[in-house]
Amino acid sequence: AVLKPGGQFLATVPYGIKSRTDWYRVYDRESLSALLAGFDLEKIEFYRRRGNSVWEETSERYAAEVASPVKANCVALIAAVVRKAAVEKLSRFPIEP
């Protein structure tokens with residue numbers, strides 16, 4: 001496993017109207033919740049693209065309505081902690097204290 005129980009996890013994922021391209025998947029609220037099922041969320045923020053290299057914070061409500069057919073136009077920034085059960089499920093080996 002890459003993370004051990006209690007390990008911190010920080011990631012960004014495309015967020016908005018659920019879709020899938022040849023290069024990436026866009027998560028909506030339901031699919032993001034499923035993806036993070038083994039984590040205790042500490043914080044989640046949403047950002048929207050402004051031009052080619054500028055991102056600004058936005059609301060989940062706004063991000064949820066944005067399509068990303070060519071490139072990710074909104075992302076979710078996730079800070080979470082790994083649960084022990086999630087590591088055991090992914091690794092298939094018991095975690096010793």
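Buried means under 20% relative accessible area, exposed over 50%, and partly exposed in between (1.4 Å probe, protein chains only). The model is predicted: local features need pLDDT of at least 70, side-chain atom pairs count only at pLDDT 80 or more, and totals for chains, interfaces and linings use all residues. Residues are numbered from 1 along each chain as its sequence is written, and side-chain values use heavy atoms, with hydrogens and water left out.

**Exercise 1.** State whether Phe9 and Phe39 are buried, partly exposed or exposed, and classify their ring pair.

Solution. Step 1: Phe39 has a relative accessible area of 16%, so Phe39 is buried. Step 2: Phe9, at 25%, is partly exposed. Step 3: rings of Phe, Tyr and Trp (its six-membered ring) pair if their centres lie within 6.5 Å; planes under 30 degrees apart count as stacked, over 60 as edge-to-face and the rest as tilted. Step 4: with 4.8 Å centre to centre and 25° between the planes, Phe9 and Phe39 are stacked. Step 5: Phe9 lies in strand 1 and Phe39 in strand 4, so the pair ties together parts 30 residues apart in sequence.

**Exercise 2.** Classify the ring pair of Tyr15 and Phe46.

Solution. Step 1: the ring centres are 4.8 Å apart and the planes stand at 55°, so this pair is tilted. Step 2: Tyr15 lies in the loop between strand 1 and strand 2 (19-20) and Phe46 in strand 4, so parts 31 residues apart in sequence are tied together. Step 3: both Tyr15 and Phe46 are buried.

**Exercise 3.** Locate the charge of Arg48 relative to the ring of Tyr62.

Solution. Step 1: a charge sits over a ring if NZ of Lys or CZ of Arg is within 6 Å of the ring centre and within 35 degrees of the ring normal. Step 2: Arg48 lies over the face of Tyr62, at 4.9 Å from the ring centre.

Note on methods:
Helix = DSSP H or I, 4+ residues; strand = E, 2+ residues; numbered from the N terminus.
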